[in-house]
Amino acid sequence: MAQDQLKVLNALDVAKTQWYHFTAILIAGMGFFTDAYDLFSISLVTKLLGRIYYTHPGAPKPGTLPPNVSAAVNGVAFCGTLAGQLFFGWLGDKMGRKKVYGMTLMMMVLCSFASGLSFGNEPKGVMATLCFFRFWLGFGIGGDYPLSATIMSEYSNKKTRGAFIAAVFAMQGFGNLTGGIIALIVSAAFKAAFPAPAYQVDAAASLVPQADYVWRIILMFGAIPALLTYYWRMKMPETARYTALVANNAKQAASDMSKVLQVEIQEDQEKVIEQVERRNKQFGLFTKAFLKRHGLHLLGTTSCWFLLDIAFYSNNLFQKDIFSAVGWLPKATTMSALQEVYMVARAQTLVSLCGTVPGYWFTVAFIDVVGRFFIQLMGFFFMTAFMFGLAIPYEHWTTPGNHIGFVVMYGLTFFFANFGPNATTFVVPAEIFPARLRSTCHGISAAAGKAGAMIGAFGFLYLAQPTDKTKTDAGYPPGIGVRNSLMILGGICALGFFCTFLVPEANGKSLEEMSGENEDESEEYQTPGLDNRTVPV
């Protein structure tokens, strides 16, 4: 039996878009800006780390990170992120969103700064220190996923909620872009101050001692945007939905939101008593009632995010081929160490500017128009089509003269990832679960995605090696080749398309409608079917 909505929650649902919405987007979004900067900036400096710590005197080519070291440096933050998503997601439901939000941010600030420090100057000491602090950096970043999404969903009105949550996630694009720009500025400044010849001209002189400062500055800069938003995060009141539905204090929720919305909200005492009675009947995560009501939903959000991130994070398989083919990244021997940092940063900045950022904002523009379900289906469909379009005629694309088509197909694949499941897998888990489990379930979904990211980034890095062992990258065993890897990725995207049917449409509905919190939890509940995917007119 449906229950009346609390006045404070109804006020949030029907509120017009106001300044506080944009403030919340900025505060939560700057966390994601920092997340993206910190996670992706390491790829800008790995080649430099290889030159500084693994170049052997007299070698014909500059040094590169050994496969195990490269996997550790790039992957340890993912491991921390996965653990942080599970831990802070659970903690956000136990202690409240606001209290935990400050913890994650301070962890990000301290560990981002510490990533630029090292014990000693030997390769093992430097890499061990870097990996240690990047694990805990990832742990803090992991907490930002469920908390930012949950806070934004609980602050939003139901008409534009999807766009607001997607806008928070879209700040990742600006974080990627800023990482490239900072690397460009720092490397250009050091290159101008300390000129050096190409490696093939003078191997020793191509690496100036001051280059060791470059990677440290780039990584440490990530602490600044997070630090700037700490004060504002602490000023945000706890979300009304947590205060009313989880902490069981509807009067405090009404008082907090009266100040935010600048309207007088008086909660009826009868409804407050009703709320207490309903809270006593609520089910937990590991119960048959949760499995019956939301089991398929959680399976849908976790499987879609897992499959999406395998494909999304596998883009490093052919990124180097594209950069080389279009002349964005010359051979390492033709550049000095700082020149290589500059060229890698320029290439990644162009990719962010042309492919990553636009896709995110297309989602923001259309998510509340066509709905989450349609955008996710469309995204997986086109990712599947373009993956197969790259794989089947792979020999054609790698023939000189056909590289432009390959670049276009590559760009469209990741445009439809961002204007598709990369955004919607973040939005939907924040909308369809009960308030008392919302952060936990989002954290579980995000952790599944990060597990997929590790498979995509590292499993496929080994899998995509050529079958001929004489052509593999240094230190890697033979694999199945890029073409076959792309075929598998196309199949993974197709599987994501079908898993989308497990996820209900939340467009235009209140969070309580989607989670069933307005229903009597002792009654039978039917899992939402296809009717949930209709878009309100």
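**Exercise 1.** At what angle do helix α2 and helix α4 pack in this predicted model, and which residues make the contact?

*Solution.* Start with the geometry. Helix α2 (residues 19–54) packs with helix α4 (residues 97–114) at an angle of about 35°. Their axes are 12 Å apart. The crossing of α2 and α4 is left-handed. Next, list the contact. From α2 come Ile27, Ala28, Gly31, Thr34, Asp35 and Asp38. From α4 come Tyr101, Met108 and Ser112. Finally, sort these residues by class: 4 are nonpolar, 3 polar and 2 charged.

**Exercise 2.** Find which helix gives the most to the lining of the second largest pocket.

*Solution.* Take the volume to begin: the second largest pocket has about 270 Å³. Its lining holds 14 residues. Nearest the pocket centre lie Tyr20, Thr23, Met236, Pro237 and Val260. Now assign helices. At least two lining residues each come from α2, α8 (223–235) and α10 (250–261). Of the helices, α2 gives the most, with 5 residues. By class, the pocket lining has 9 nonpolar, 3 polar and 2 charged residues.

**Exercise 3.** Which residues line the largest cavity?

*Solution.* Count the cavities: there are 4 of 30 Å³ or more. The largest cavity has a volume of about 50 Å³. Read off its lining: Tyr145, Phe169, Gln172, Trp305, Asp309, Tyr313, Asn422 and Lys450. Then classify. The lining of the largest cavity divides into 4 nonpolar, 2 polar and 2 charged residues.

Conventions
Residues are numbered from 1 along each chain as its sequence is written. This is a predicted model: local features need pLDDT of at least 70, side-chain atom pairs count only at pLDDT 80 or more; totals for chains, interfaces and linings use all residues. Side-chain values use heavy atoms; hydrogens and water are left out. On a 1 Å grid over the protein atoms alone, a cavity is a set of points where a 1.4 Å probe fits but cannot get out, and a pocket is an open set with protein on both sides within 12 Å along at least five of seven lines; lining residues have an atom within 4 Å of a point. Grid points are joined across faces, edges and corners, and a volume is the space filled by probe spheres set on the points. Ala, Val, Leu, Ile, Met, Phe, Trp, Tyr, Cys and Pro count as nonpolar, Asp, Glu, Lys and Arg as charged, and the others, Gly among them, as polar. Axes are lines fitted to C-alpha atoms, for helices over the stretch in contact, and angles run from 0 to 180 degrees between N-to-C directions. Helices (H or I, at least four residues) and strands (E, at least two) are DSSP runs, numbered from the N terminus. A crossing is left-handed if the near helix is turned anticlockwise from the far one by less than a right angle, and right-handed if clockwise. Contact means heavy atoms within 4.5 Å.
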